[in-house]
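Here are my notes on the model, as numbered points. Please read them against the coordinates.

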Amino acid sequence: MDLLARREHGVEELRLKLKRRFGREENFEAIATEQLQRLVDEGLLSDSRFSAAMLRQLVSKGIGPLRLDQELRNKGIQESWQACAVLAELEVDWGQQAREVYSKRFPHPISENDPAASRREWGRRARFMQYRGFESDHFMALIEYETAGIDQQVTAHLLLAACRLYGKP
């Protein structure tokens, strides 16, 4: 009960923690299965609550959709992150999430002075975003926009200003 008082746990996660503490005890598996089922029946242990809480925590840390599935499976949750998001009543704009993670980790643009160094930096940034679990669609535009040069940035700002001026979206 002490473990459950601190935070939500999944059935498999709690089984592993108990096994580490009491795994050598006689009839451990039978007793653990019986007690875990009792906790589930009483509503004290719930995989759906655990997965929803874990999903909220991981999204707030800036983890992308590909890594979410991996993290959930590592904790014994077989449902996809989409199913867990419905339970958590969570909607995520992955493009916006990628922008926030990218700008926090890389506040300065890629220098265009040395082309070889620029390519290495471009690769480093792409690997970081992939490690975080974002799909290439979420972050490639961010990196390419940075490396496109000042002329394209100025052009984009001018086009946006013109659209606002003439009332076109």
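1. Arg 15 and Glu 29 pair through their side chains in a salt bridge, N to O 3.9 Å. The term means a side-chain nitrogen of Lys or Arg within 4 Å of a carboxyl oxygen of Asp or Glu. Arg 15 sits in helix α2 (residues 11-22) and Glu 29 in helix α3 (residues 28-41), so the bridge ties together parts 14 residues apart in sequence. Helices here are DSSP runs (H or I, at least four residues), numbered from the N terminus.

2. A word on provenance. This is a predicted model: local features need pLDDT of at least 70 and side-chain atom pairs count only at pLDDT 80 or more, while totals for chains, interfaces and linings use all residues. Residues are numbered from 1 along each chain as its sequence is written, and side-chain values use heavy atoms, with hydrogens and water left out.

3. Glu 29 is partly exposed, at 40%. The cut-offs are under 20% relative accessible area for buried, over 50% for exposed, and partly exposed in between (1.4 Å probe, protein chains only).

4. How many salt bridges does the structure hold? The count is 10. Side chains of opposite charge can pair when their charged atoms come close. One of the bridges joins Glu 42 to Arg 38, N to O 3.1 Å. Glu 42 is partly exposed, with a relative accessible area of 47%. Arg 38 is also partly exposed, at 39%.

5. Glu 71 and Arg 67 form another bridge, with the closest N and O atoms 3.3 Å apart. Both residues lie in helix α5, four residues apart, about one turn of the helix. Glu 71 is buried, with a relative accessible area of 18%. Arg 67 is buried too, at 17%. Elsewhere, salt bridges that share partners link Glu 12, Arg 15, Lys 19 and Glu 29 into one network.

6. Now helix packing. The axes of α4 (residues 47-60) and α5 (residues 65-74) come within 11 Å and cross at roughly 140°. Axes are lines fitted to C-alpha atoms, for helices over the stretch in contact, and angles run from 0 to 180 degrees between N-to-C directions. That makes α4 oblique to α5. The classes are: under 35 degrees roughly parallel, over 145 roughly antiparallel, 65 to 115 roughly perpendicular, the rest oblique.

7. α4 passes α5 in a right-handed crossing. Right-handed means the near helix is turned clockwise from the far one by less than a right angle; left-handed means anticlockwise. Ser 51, Met 54, Leu 55, Leu 58 and Val 59 of α4 meet Leu 68, Glu 71 and Leu 72 of α5. Contact means heavy atoms within 4.5 Å. By class, this contact of α4 with α5 has six nonpolar, one polar and one charged residues. Ala, Val, Leu, Ile, Met, Phe, Trp, Tyr, Cys and Pro count as nonpolar, Asp, Glu, Lys and Arg as charged, and the others, Gly among them, as polar.

8. α4 also packs on α6 (residues 81-88), at about 95° with axes 8 Å apart. That makes α4 roughly perpendicular to α6. Ser 48, Ser 51, Ala 52, Leu 55 and Arg 56 of α4 touch Trp 81, Cys 84, Ala 85, Leu 87 and Ala 88 of α6.

How values were computed:
Helix = DSSP H or I, 4+ residues; strand = E, 2+ residues; numbered from the N terminus.
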